[in-house]
Amino acid sequence: MTDTSAGAVLGQAMAFQSAKLVLTGLELGLFEALAKEPGTAEELRVRLGLHPRGTAHFLAALAELGFLERDEHGTYRDTPMTRDCLVPGGDGYLGGFLRAADQVMYGAWGRLAESLRTGAPQAATFTGEDMFGELYDSEEKKGGLVGMAEDASRPLIPALASRFDWSAHRSVLELGGCRGNVLAGLVRAHPHLAARVFDLPQMEPDFTAHMAAIGMTGKVGFHGGDFFAGPLPEADVVMIGHSLIDWNDEQRQRLVRTAFAAVRPGGAFLVWDPVIVAGADSYLRNLVRSLNLQLMTPHGTGYDLEQCAGWMRAAGFASVGHTALGHDVTLVVARKE
């Protein structure tokens, strides 16, 4: 065994250590504290209530990873990347997603072998088949789910607003749209759109409060329901993002057929997900995301582009195209004659 091969194996197999450094910095409030005031290791130890053992090396390791800067006086600051992604308030903030990932995904990945043996999810946040109903019935769990969903979709809104011709359509219905963050962004970019979120009724109070908070009351509507339970409201465009991956193939095909019935003639059905595309830079990352879905949901897995296009054509859509939205996400567009 060469030093090079040993280093490569250990680098991959022990990568959980570096991940936990970043997640722990977020858990401790380190990055937010530094955004307010830089500090030395001792100053930060006192401010964050940490023990002398380990604090200095913890901060130095984060600096080596590129998440902190340290000057010649030993004063730590956030890097631009950290300020953009790990300090609340910015458009690129990922803290909601990463906090939930730390609390839920991290432990579940420790039981990957069990999931591969049994096919069963390993998340500790739900117990039955109705994952979303159970999560939505708990304010704490619902908040974590919404935070993850919005952090994942927020960076995609500008591309979604620009890479589809919204001028040709008057109405849009988003399935599983949570608090309406994506539709709010679309309506800001395209004010002519009549937009509605379709989600479980438990989400409506959160939706109403969020629309008021961001000044979008009356500009985006809400329709409570279960998209597996019956017909959907009609719209020129029906769309679903980061959600088709949550179901098995039979459920996905059923949902695509339901969406086809709701899309008005001349309209479109839009899906954006971390679609598995062979040969793409995202291929490995989206294979890993597929395994994450196995760990986190009763039925979810990744799917490839050809599968998705096949479901759409089988449902009756006349043509199917796709484009990259960034962040390993593909937008699939199915048009109805």
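**Helix pairs and sheets in a predicted model**

Let me start with a pair of helices: α14, residues 249–262, and α16, residues 305–315, have axes that come within 9 Å and cross at roughly 45°. The axes are lines fitted to C-alpha atoms, for helices over the stretch in contact, and angles run from 0 to 180 degrees between N-to-C directions. Helices here (H or I, at least four residues) and strands (E, at least two) are DSSP runs, numbered from the N terminus.

A word on the source. This is a predicted model, in which local features need pLDDT of at least 70 and side-chain atom pairs count only at pLDDT 80 or more, while totals for chains, interfaces and linings use all residues. Residues are numbered from 1 along each chain as its sequence is written, and side-chain values use heavy atoms, with hydrogens and water left out.

Back to the pair. α14 and α16 are therefore oblique to each other; angles under 35 degrees count as roughly parallel, over 145 as roughly antiparallel, 65 to 115 as roughly perpendicular, and the rest as oblique. On the α14 side the contact is made by D249, R252, Q253, V256, R257 and F260, and on the α16 side by Q307, W311, M312 and A315. Contact means heavy atoms within 4.5 Å. These residues divide into five nonpolar, two polar and three charged. Ala, Val, Leu, Ile, Met, Phe, Trp, Tyr, Cys and Pro count as nonpolar, Asp, Glu, Lys and Arg as charged, and the others, Gly among them, as polar.

α16 also lies across β8, β9 and β10, running at about 20° to β10. That brings us to the sheet. In what order do the seven strands of this open sheet stand? The order is β6-β5-β4-β7-β8-β10-β9, with mixed pairing. Two strands pair if DSSP finds at least two bridges between them. At the edges are β6 (220–224) and β9 (319–326), each pairing on one side only. Neighbouring strands are turned by 20° against each other on average, direction ignored. Between β9 and β10 (residues 329–335) there are seven bridges in the antiparallel sense, and A324 stands opposite T330 in β10. Helix α12, residues 181–189, packs on this sheet as well, touching β4, β5, β6, β7 and β8, and its direction makes about 175° with that of β5.

Next, the other sheet. It is open, with three strands in the order β1-β3-β2 and antiparallel pairing. β1 (39–40) and β2 (68–70) each have a single partner strand, so one side of each is left without a neighbour in the sheet. β2 is joined to β3, residues 75–78, by three bridges, with L68 opposite D78. β1 is joined to β3 by two bridges, and G39 has Y76 as its bridge partner. In the hairpin of β2 and β3, four residues lie between the strands, and G74 takes a positive phi near 85°.

The axes of α7 (residues 95–109) and α10 (residues 139–153) come within 7 Å and cross at roughly 130°. They are therefore oblique to each other, and the crossing is left-handed. From α7, G95, G96, F97, A100, A101 and M105 meet G144, G147, M148 and D151 of α10. This contact has five nonpolar residues, four polar and one charged.

Technical notes
Left-handed = near helix turned anticlockwise from the far one by under 90°.
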